[in-house]
Amino acid sequence: MKHQKLITTPEISKRMANVKLKNGYAESEIAKLLWHKGIRYRKNYRKLPGSPDIAITRYKIAIFVDGEFWHGYDWENRKHKLKSNREYWIEKIEENIARDKRNDALLKSLGWTVIHFWEKEAKKDPIGCVEIVMQVIRDKTTVANNLNKK
């Protein structure tokens with residue numbers, strides 16, 4: 001989809017150029033903690049819809065660490081507070097939200113479990129995020145073991 005022309009300044013351009021799309025602090029911290037627990041994964045796995053930030057292929061778990069602005073955290077309230085380039089950002093972020101939903105549905109149809117963490121949540125409590133992932137792994141392992149016993 002073609003977006004309208006963005007009205008910007010050199011300061012805004014510089015700030016936007018510094019936005020990291022991959023290997024941000026939050027996802028790297030979660031990845032490191034998973035690695036130390038013996039969980040092996042792929043980062044930004046392009047073979048899957050949405051290129052999950054972390055893909056644990058053994059357990060079919062796709063993990064996304066979503067930036068609050070880009071992925072529409074509390075979107076219904078926050079979109080009314082946008083001031084500059086309002087129409088552009090509303091269209092852009094609503095596209096991102098729709099794309100995330102499509103990718104989640106595709107991953108689920110392929111048998112993957114999808115986990116999303118907000119970036120602030122992952123930065124504030126990466127250990128808690130990893131515990132959620134470990135619980136999903138335990139649940140999947142328990143189900144698989146029960147099926148094998150039958």
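A: **Helix α2 and its surroundings**

In this predicted model, the buried residues of helix α2 are A26, E27, E29, I30, A31 and L34. The helix covers residues 25-36, a stretch of 12 residues. From its first C-alpha to its last, α2 reaches 17 Å, which is close to the 16 Å expected at 1.5 Å a residue. After α2 comes G38, a residue with a positive phi near 85°.

The cover over the buried residues of α2 includes strands β1, β2, β3 and β4, together with helices α6 (119-124) and α7. The four strands named here form an open sheet of mixed pairing, in the order β1-β2-β3-β4. Its edge strands are β1 (42-43) and β4 (113-118), each of which pairs on one side only. Strands of a sheet pair through backbone hydrogen bonds, either parallel or antiparallel. Strands β1 and β2 (residues 54-56) run antiparallel and are joined by two bridges; K43 has I54 of β2 as its bridge partner.

Helix α7 (residues 126-149), one of the elements covering the buried residues of α2, also packs on the sheet, where it touches β2, β3 and β4. The direction of α7 makes about 170° with that of β4. A further helix, α5 (residues 86-109), lies across β3 (61-66) and β4, and runs at about 145° to β4.

In summary, the sheet strands β1 to β4 and the helices α6 and α7 are among the elements that cover the buried residues of α2.

Definitions and conventions: Residues are numbered from 1 along each chain as its sequence is written. This is a predicted model: local features need pLDDT of at least 70, side-chain atom pairs count only at pLDDT 80 or more; totals for chains, interfaces and linings use all residues. Side-chain values use heavy atoms; hydrogens and water are left out. Two strands pair if DSSP finds at least two bridges between them. Contact means heavy atoms within 4.5 Å. Axes are lines fitted to C-alpha atoms, for helices over the stretch in contact, and angles run from 0 to 180 degrees between N-to-C directions. The expected span of a helix is 1.5 Å times one less than its number of residues. Buried means under 20% relative accessible area, exposed over 50%, partly exposed in between (1.4 Å probe, protein chains only).
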